[in-house]
Amino acid sequence: SDVGSQKDRVVTEEEWLRKWEMGNTGFHKERGHPLLQKYLDLLLNGRSGLRIFFPLCGKAVEMKWLADMGHSVVGVEVSEQALKEFFAEHSLPYCEEPVPEIPGAKKLQSTSGNISLYCCSIYDLSSSIVGKFDGFWDRGALVAVNPCDRQRYVSLMITLMEKNSSYLLVTVSYDPNKHKGPPFYVPESEIKSLYG
Ligand code: SAH
């Protein structure tokens with residue numbers, strides 16, 4: 001398919017912040033994503049106490065699901081409003097601290113300690129800051145990344161992968177000439193070449 005119409009499109013961080021301020025967050029799923037339930041066994045693969053990463057996490061309720069199952073969840077999101085809404089909507093107490101390695105960034109951590117959400121750009125993170133992960137839930141993340149940043153995004157994800165990690169990726173399939181995105185259309189062939 002022709003993805004030419006989307007390849008130069010850029011959504012800035014300010015635009016994302018404004019979406020949160022205006023409540024233009026139609027991507028948020030109040031009841032969580034059915035595909036995580038469906039493929040949960042593939043993500044966990046019989047393992048317990050995993051470290052699970054949520055890139056571009058918004059206020060995804062799946063973070064609460066996995067934490068409640070005993071896993072340790074790390075997310076990253078530019079909108080502090082989204083992260084505060086996450087803790088408030090689940091009545092989770094949290095504390096805030098600066099991230100010494102990233103000027104201006106904050107880490108919001110549940111008091112129970114098993115949910116740590118970084119308020120910064122995904123591109124500010126590295127494995128020396130957040131460590132590596134056993135599982136990834138990539139929904140509304142690769143497809144939200146600007147097409148020009150896809151390679152950089154995926155290269156970063158690969159550096160965050162623990163040996164034997166599993167990565168669940170949700171994409172959307174549609175005619176990219178009819179909708180400007182996000183979510184962007186990422187053809188399967190491109191996913192294969194990006195992740196190898
Ligand atoms: N994964 C979430 C949110 C999807 S929408 C869900 O399933 O509901 C994409 C989110 O990425 C938005 O909340 C936006 O604010 C955030 N975002 C966009 N660019 C980002 C970046 N460079 N770093 C971190 N978060 C970003």
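## Helix packing: α6 and α7

Helix α6 (residues 150-159) packs against helix α7 (residues 188-195) at an angle of about 50°, and their axes lie 9 Å apart. Axes here are lines fitted to C-alpha atoms, for helices over the stretch in contact, with angles running from 0 to 180 degrees between N-to-C directions. The angle therefore makes α6 oblique to α7 (under 35 degrees is roughly parallel, over 145 roughly antiparallel, 65 to 115 roughly perpendicular, the rest oblique). Helices (H or I, at least four residues) and strands (E, at least two) are DSSP runs, numbered from the N terminus.

On the α6 side, R150, Q151, Y153, V154 and I158 make the contact; E190, L194 and Y195 meet them from α7. Contact means heavy atoms within 4.5 Å. By class, five of the residues are nonpolar, one is polar and two are charged. Ala, Val, Leu, Ile, Met, Phe, Trp, Tyr, Cys and Pro count as nonpolar; Asp, Glu, Lys and Arg as charged; the others, Gly among them, as polar.

## Model basis

This is a predicted model: local features need pLDDT of at least 70, side-chain atom pairs count only at pLDDT 80 or more, and totals for chains, interfaces and linings use all residues. Residues are numbered from 1 along each chain as its sequence is written, and side-chain values use heavy atoms, with hydrogens and water left out.

## Largest pocket

The largest pocket holds about 870 Å³ of space. A pocket is an open set of points on a 1 Å grid over the protein atoms alone, where a 1.4 Å probe fits, with protein on both sides within 12 Å along at least five of seven lines; lining residues have an atom within 4 Å of a point. Volume is the space filled by probe spheres set on the points, which are joined across faces, edges and corners.

The lining has 43 residues, and W16, L56, G140, A144 and V145 are the closest to the pocket centre. Elements giving two or more lining residues are α1 (13-22), β2 (72-77) and β6 (133-139). α1 gives the most, with four. The lining divides into 23 nonpolar, ten polar and ten charged residues.

## Backbone exceptions

Most residues other than glycine have a negative phi, and most peptide bonds are trans. The G181 to P182 bond is cis, with omega near 0°. The P182 to P183 bond is also cis, with omega near 0°.

S91 has a positive phi, near 50°. S91 sits in the loop between α4 (80-89) and β3 (94-98).
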